[in-house]
Amino acid sequence: MSRKRRAKAEAEIDVGAFADIAFLLIIFFILTTSFVRPLGQEVRIPQTETPENREVDDQTPSVNVTANLIRFGETEDSMADISLDALRDRLFQMNLMNAEDQDRMIVLEVADDVTYERYFQVVTLISDAGGIIAIVEEN
Amino acid sequence: MPVRRRKKLKVMIPLASMGDIAFLLIIFFMLVSDFMRDHQELDPAPGADVGELAPAEVSVAVDREGRIWVQGLEVGVHDLGAAVEILLERRREDGIVHLNVDRSLTRPEYMPVIEALSGAGARIALVGMRDTE
């Protein structure tokens, strides 16, 4: 008796719709992705607990920022009004980039009415010149 | 004379490899996307001393209302340090935190944020834009 062979069923998964979904997802990610790197400046602000931030003496260069004025002095006694451009020149002249960490400290005192815009300009300037910012907390 | 019909050819385009490529592209875009982070309403501060920043591990924003956002989620100033610490620990890297603050805020609004980030041991990068003036 001859046995009849069953024809093999060809199983196929339709992947057409699968690719459609994938391309929709690609379009979504293309539209939401931004490859532009943000602009800014990395700043060095030591942690509150570190010893370098506990005490600053009168010989540490200081920047005092108010809403209208910027004052700078390499010591406490030599504080004087200064423009932002002049401050940049003075800080670069100090060659902070090549100094030891403790000699790179700049004490920054900011008044309550100083906007973030002004604070940002001063802080990024100090950091660009190689300074390490010490935030002053009044006792 | 009888006309012999030609047998219809069944054309099939293999779509499986196209799907593979599509999914590789999806994975790529998923890895490079950082949506959900900076959708807050704020005007970035302009400055002359800015450059391109390294990619952020954690993104913190303070909007014009003074609300603090970490990775797109609102947090209170008292929870900020702990939240950033946890996120940085999870990434196990010397993490850079991008801080984007609205330019109009005053010291009592932005300084506690900076102090909290500094206390959490973050490397802070202030985000702004180039001053065009």
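A: Helices (H or I, at least four residues) and strands (E, at least two) are DSSP runs, numbered from the N terminus. This is a predicted model, in which local features need pLDDT of at least 70 and side-chain atom pairs pLDDT 80 or more, while totals for chains, interfaces and linings use all residues. Residues count from 1 along each chain as its sequence is written, chains are lettered from A and ligands numbered from 1 in written order, and side-chain values use heavy atoms, without hydrogens or water.

Let us start with the surface that the two chains share. Chain A brings 44 residues to the contact (heavy atoms within 4.5 Å) and chain B brings 52. The buried area, meaning the accessible area (1.4 Å probe) that two parts lose on being put together, summed over both, is about 4200 Å² between chain A and chain B, and carbon and sulfur atoms give 64% of it. Three residues stand out on one side: F29(A), L39(A) and Y116(A) supply 18% of the area that chain A buries against chain B, more than any other three residues.

Next come the charges. Chain A and chain B are joined by four salt bridges (a side-chain nitrogen of Lys or Arg within 4 Å of a carboxyl oxygen of Asp or Glu). E117(A) makes a salt bridge with R103(B), and their closest N and O atoms are 3.1 Å apart. On the side of chain A that touches chain B, the elements giving two or more residues are α1 (16-32), β1 (39-43) and α3 (116-128) of chain A. Of these, α1(A) gives the most, with 10 residues.

A single residue lets you see the meeting of the chains up close. R88(A) sits in helix α2 of chain A. Its relative accessible area is 18%, so R88(A) is buried (under 20%; exposed is over 50%, partly exposed in between; 1.4 Å probe, protein chains only).

N95(A) has a phi near 50°, which is positive although the residue is not a glycine. With a relative accessible area of 40%, N95(A) is partly exposed.

Q71(B) is buried, with a relative accessible area of 18%.

Chain B has three helices and seven strands, and from the N terminus on they run α-β-β-β-β-β-α-β-α-β. Of its 133 residues, 42% count as buried. Among contacts in chain B between residues at least 6 apart in sequence, 68% join residues at least 24 apart.

Finally, have a look at helix α3 of chain B, residues 107-119. Its buried residues are R107(B), Y110(B), M111(B), V113(B), I114(B), A116(B), L117(B) and S118(B). Just after α3(B), G121(B) takes a positive phi of about 80°.

Definitions and conventions: The expected span of a helix is 1.5 Å times one less than its number of residues.
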